[in-house]
Amino acid sequence: MSWRANPLTNPMTDFAVTWDYRCPFARNAHEHIIEALRAGAPWNVRFVPFSLAQVHVAEGEPDIWTRPQDDTGLLAMQAAVVVREQFPDRFFDVHEALFALRHDEGKHLEDAGEVRRVLTASGVDADKVFREIEGGEPLDRVRREHTAAAEDHEVWGVPTFVEGEAAVFVRLMERPRGDAELARRTIERVVGLLTEFPELNEFKHTSLKR
């Protein structure tokens with residue numbers, strides 16, 4: 001089954017966002033979303049896996065789905081999808097921990113031992129998750145959701161926010177660092193621009209004063 005955001009939903013409560021654990025900007029955006037949701041933000045968020053490796057497959061080369069061992073990000077992504085579907089109460093912890101594995105600890109997302117460590121530390125049965133991965137369904141789900149995002153909304157990167165028929169790639173430069181109000185305000189600004197100001201196609205600082 002492919003995914004598609006519902007065009008009839010309330011834009012401030014229902015939206016989707018893509019991720020690949022290798023992207024620091026995806027990490028920033030997802031931390032804002034999770035921080036706000038944990039503090040009670042009334043949103044229904046669909047977390048959508050999106051492979052940056054597949055986006056960069058050259059013309060004539062086989063899709064990354066046929067050779068997942070060549071991609072450094074797919075193992076962790078598959079594990080997260082299993083947790084999202086079968087251990088939803090642990091998804092936020094695993095999701096943040098897999099971003100941290102890459103960006104804080106400098107570990108390899110394709111290292112099964114490290115992914116297992118994250119799962120176990122987050123209260124998830126790592127053996128069950130890896131049995132699911134070995135069965136092939138998680139990879140197929142990642143492929144389906146990635147393909148639906150690319151075909152239905154012309155998504156090409158992460159993080160991309162999607163509401164109804166609208167989609168926008170966003171770079172947030174800072175993490176929420178425990179500030180739930182900042183996190184909620186930040187995401188509401190992003191989704192508000194997406195849904196209420198479609199005339200704004202590009203808004204980018206020429207330099208960063210930091």
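## Basis of the model

This is a predicted model, in which local features need pLDDT of at least 70 and side-chain atom pairs count only at pLDDT 80 or more, whereas totals for chains, interfaces and linings use all residues. Residues are numbered from 1 along each chain as its sequence is written, and side-chain values use heavy atoms, with hydrogens and water left out.

## Overall architecture

The chain has 8 helices and 4 strands, which follow one another along the sequence in the pattern β-α-β-α-α-α-α-α-α-β-β-α; helices (H or I, at least four residues) and strands (E, at least two) are DSSP runs, numbered from the N terminus. The radius of gyration is 17 Å, close to the 17 Å that the globule rule gives for 210 residues, so the chain is as compact as a globular protein of that length; the radius is taken over C-alpha atoms, and the rule is 2.2 Å times the number of residues to the power 0.38.

Of the 210 residues in the chain, 47% are buried, where buried means under 20% relative accessible area, exposed over 50%, and partly exposed in between (1.4 Å probe, protein chains only). Among contacts (heavy atoms within 4.5 Å) with a separation of 6 or more, 74% are between residues 24 or more positions apart.

## The surroundings of Ser51

Ser51 sits in the loop between strand 2 (44–49) and helix 2 (52–55), and it counts as buried because its relative accessibility is 0%. Leaving aside neighbours within four places in sequence, Ser51 is in contact with Asp20, Arg22, Ile64, Trp65, Asp71, Met77 and His146. A polar atom of the Ser51 side chain also lies 3.2 Å from the backbone nitrogen of Gln54.

## Backbone features in two loops

The loop between helix 7 (137–153) and strand 3 (160–163) holds Pro159, which is joined to Val158 by a cis peptide bond with omega of about -5 degrees. Glu154 is placed in the loop between helix 7 and strand 3 as well, and has a positive phi of about 55 degrees although it is not a glycine; at 65% relative accessibility, Glu154 counts as exposed.

Arg177, in the loop between strand 4 (166–169) and helix 8, has a positive phi near 50 degrees, again in a residue other than glycine, and is exposed, with a relative accessible area of 64%.

Notes: A polar contact is a pair of N or O atoms within 3.5 Å; within protein, one must be able to donate a hydrogen and the other to accept it, and residues adjacent in sequence count only if both atoms are side-chain atoms.
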